Amino acid sequence: MKRLIINADDFGLTSGVNQAIVELHGHGKLTSTTLMASASATEKAIEQALGTPTLGVGCHVVLIDGSPITPVELLPCLAAAKDLSPTLGSFLVRAYSGRATGRNITQDIETEASAQISKLQRSGLHLTHIDTHKHTHMFPAVLRPVLRAARAAGIRAIRNPYELAWSVHATPGAQWLRRTQVQLLRTLQSSFRRIVTEEGFVTTDGAIGVLATGTLDSATIASLLNAIPDGTWELVTHPGYNDTALAKVRTRLLASREIEYQALKNASISQGIELIHFGQLHKASHS
């Protein structure tokens, strides 16, 4: 059986991103989203999520390229000045080498992830799952503290960020460098699955659309959906309206967000594919 979660990242980033996500769910083309706890349009996203109970909502844990919720003086290894590390590279240096503070960065990761999850739950949201901005939880040093934070909050589902060979082959137009990155990162998949199982979490068989981030158009979605095998998969998307608010955000995904929005809106989803969200994942894994 084929099951698919269609998830939109970055809920709360801007009002235009929020609007696109809610509209796509209304069109039946999006089942899930992950909400940023500290972004310019977070409060509006919370309001919209509470008013859309059929939309699965998780926490998009931000550990890089953003501002923490926790006071920075309590995050000596994770935050610099007022912000988190601006790039994945600088974050990984901190995660694996640490700083001369006598404190491991994993404590800071768990503290900040807990704060972000708690903020959304206190608003009244029932969170279905977690994932992380830029997929930082694919690294074991990040995964374990993020899982501890989620488990303490009663969450037991997490994104599997790894894209398998069938999906890579079904993704036209991706750049060679990004293909290489996706293939290299897949070497971490076995440790990811082991840790997730040890910690008692559920996840999907894999992600699709990660390789196509920034190039996800109608042709790519059609190719992926035509190739999808039996199992439970997550289509990772970043739709939105390219408005003045988005132009002020530091992101490489500008014009591509409207392309993704239109591609998802016009997507033809086979009746042989069951659409679910992460809140239904535990049931799907036992059926």
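**Helix H5**

I began with helix H5 and listed its buried residues: Ala141, Val142, Leu143, Pro145, Val146, Leu147, Ala149 and Ala150. Buried here means under 20% relative accessible area, exposed means over 50%, and partly exposed is in between (1.4 Å probe, protein chains only). The model is a predicted one, so local features need pLDDT of at least 70 and side-chain atom pairs count only at pLDDT 80 or more, while totals for chains, interfaces and linings use all residues. Residues are numbered from 1 along each chain as its sequence is written, and side-chain values use heavy atoms, with hydrogens and water left out.

I then checked the length of H5 (residues 140-152): its 13 residues reach 18 Å from first C-alpha to last, close to the 18 Å expected at 1.5 Å a residue. That expected span is 1.5 Å times one less than the number of residues. Helices (H or I, at least four residues) and strands (E, at least two) are DSSP runs, numbered from the N terminus. Just after H5, I found Gly154 with a positive phi of about 85°.

**Aromatic pairs**

Next I searched the whole structure for aromatic pairs and got 3. Rings of Phe, Tyr and Trp (its six-membered ring) pair if their centres lie within 6.5 Å; planes under 30 degrees apart are stacked, over 60 edge-to-face, and the rest tilted.

How far apart are the ring centres of Trp166 and Trp233? They are 5.2 Å apart with planes at 80°, so I noted the pair as edge-to-face. Trp166 is in helix H6 (residues 165-169) and Trp233 in strand S8 (residues 231-237), so the pair ties together parts 67 residues apart in sequence. Both Trp166 and Trp233 are buried.

I looked at Tyr241 and Tyr261 as well: their centres are 5.1 Å apart and their planes at 45°, so this pair is tilted. Tyr241 lies in the loop between S8 and helix H10 (244-247), and Tyr261 in helix H11 (residues 255-265), so parts 20 residues apart in sequence are tied together. Tyr241 counts as partly exposed at 23% relative accessibility, whereas Tyr261, at 3%, counts as buried.

**A charge over a ring**

I also found the charged end of Arg156 over the ring of Phe201, 5.8 Å from its centre. The test wants NZ of Lys or CZ of Arg within 6 Å of the ring centre and within 35 degrees of the ring normal.

**The whole chain**

Last, I counted 12 helices and 9 strands in the chain. Of its 287 residues, 53% count as buried.
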